[in-house]
Amino acid sequence: MGTLYLVRHGQASFGADDYDQLSPLGLQQSQQLGRYWHERGQRFDAICTGTLRRHVQTLEGIQATLPGLPAAQALPALNEYDSHALIRCIHPDPLPPADTPERYRAHFRLLCDAIAQWMSGVISPAGMPTWEGFADGIRQTLDQLRRQHPDGDVLVVSSGGPISTAAGLVLGAPAEVSIALNMRIRNTAVTELSTSPKRLMLQTFNTLGHLDTPATRDWVTFA
């Protein structure tokens, strides 16, 4: 059996004009994950990322402290959905900056509502696939990796939406379950899927062993 290691990107730039950019802490989180794996002798037979900048930068951080990794393959199906397009469908007016805990919570309440309406087909955000198309792209990518590396360890750097969708698909859970899973996935958290010739199985979800030290426990972030 092999394992797919699904890693959510490091902390990005939530609230900035360009979210798709790791913060300094996001880079530290990524480097710490590489360091953690290096200390344990972890090696990977293949690497895949989405095409977003935060995915590439997260992998670069891991590579900085985990030498000898194979070249990465970029797969657009591992990209996150467009949260701004989703929210605009149900709240066309500009939102105030999410610079207080109350505004932060309000932002994600709107996002969860928009995702639920997207899943049910009530809204169709511009430039985005249907929910079924988004989920099917993730399903096909997982199946492709399972077939190509049945006994290998594969590193997959992506985002909370694709990873929570992958977990829900493997568990056979209702689509709405992935919303709750997505809201809990932490930056650089690791989710492991065990592979077999016929299926994938959820081994771990949303783990942060690399940040479980006195020096790094306050590095845990969600956005």
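User: Rings of Phe, Tyr and Trp (its six-membered ring) pair if their centres lie within 6.5 Å. Going by that, which residues do ring pairs link into a cluster?

Analyst: Keep in mind that this is a predicted model. A search through the whole structure turns up eleven aromatic pairs. Some of the rings are linked by such pairs into a cluster, and its members are Y81, W118, W131 and F134.

User: Is the pair of W118 and W131 stacked, tilted or edge-to-face?

Analyst: Start with the distance: the ring centres of W118 and W131 are 5.5 Å apart. Next comes the angle, where planes under 30 degrees apart count as stacked and those over 60 as edge-to-face. The planes of W118 and W131 stand at 80°, so the pair is edge-to-face.

User: Which helices does that pair link?

Analyst: W118 and W131 sit 13 residues apart, and their pair links distant parts of the chain. Both residues count as buried, W118 at 3% relative accessibility and W131 at 11%. W118 belongs to one helix and W131 to another, namely α4 and α5.

User: Is Y104 buried, exposed or partly exposed?

Analyst: A residue is buried under 20% relative accessible area and exposed over 50%. Y104 has 30%. That value is in between, so Y104 is partly exposed.

User: Let's step back. How many helices and strands are there in the chain?

Analyst: You can walk along the sequence and read off the pattern β-α-β-α-β-α-α-α-β-α-α-β-β. Counted up, the chain has seven helices and six strands.

User: What radius of gyration does the chain have?

Analyst: The C-alpha atoms fill a box of roughly 50 × 40 × 25 Å along the principal axes. For 223 residues, a compact globule would come out near 17 Å. The chain agrees with that, because its own radius of gyration is 17 Å.

User: What share of the contacts with a separation of 6 or more comes from residues 24 or more positions apart?

Analyst: Buried residues make up 48% of the 223 residues in the chain. As for the contacts with a separation of 6 or more, the part from residues 24 or more positions apart is 72%.

User: Is V7 buried or exposed?

Analyst: V7 lies in strand β1, residues 2–8. Leaving out residues up to four places away in sequence, V7 touches L33, W37, L155, V156, V157, S158, I163, T188, A189 and V190. Its relative accessibility is 0%, so V7 counts as buried.

User: Which residue has a backbone nitrogen 3.0 Å from a polar atom of the side chain of S23?

Analyst: S23 is in the loop between β1 and α1. With a relative accessible area of 12%, S23 is buried, and beyond its neighbours within four places in sequence it is in contact with Q11, A12 and S13. The backbone nitrogen in question belongs to G26.

User: Which side chain does Q32 join in a polar contact of 2.6 Å?

Analyst: Q32 is in helix α1, residues 24–39, and at 13% relative accessibility it counts as buried. Not counting residues up to four places away, Q32 touches H210, L211, T216 and W219. The polar contact of 2.6 Å joins the side chain of Q32 to that of R35.

User: Which helices are included in what covers the buried residues of α7?

Analyst: The buried residues of helix α7 (residues 177–184) are S178, I179 and N182. They cover an arc of only 105° around the axis, so they are on the same side of α7. What covers these buried residues includes α4, α5 and α6.

User: Last one: which residue in β6 stands opposite S194?

Analyst: Strands β5 (residues 190–195) and β6 (residues 200–207) pair in the antiparallel sense over five bridges. Together β5 and β6 form a hairpin, with four residues between them. Opposite S194, on the β6 side, stands M201.

Terms used:
Residues are numbered from 1 along each chain as its sequence is written. This is a predicted model: local features need pLDDT of at least 70, side-chain atom pairs count only at pLDDT 80 or more; totals for chains, interfaces and linings use all residues. Side-chain values use heavy atoms; hydrogens and water are left out. Two strands pair if DSSP finds at least two bridges between them. Helices (H or I, at least four residues) and strands (E, at least two) are DSSP runs, numbered from the N terminus. Buried means under 20% relative accessible area, exposed over 50%, partly exposed in between (1.4 Å probe, protein chains only). A polar contact is a pair of N or O atoms within 3.5 Å; within protein, one must be able to donate a hydrogen and the other to accept it, and residues adjacent in sequence count only if both atoms are side-chain atoms. Contact means heavy atoms within 4.5 Å. The arc is that of the directions from the helix axis to the C-beta atoms. The radius of gyration is taken over C-alpha atoms; the globule rule is 2.2 Å times the number of residues to the power 0.38.
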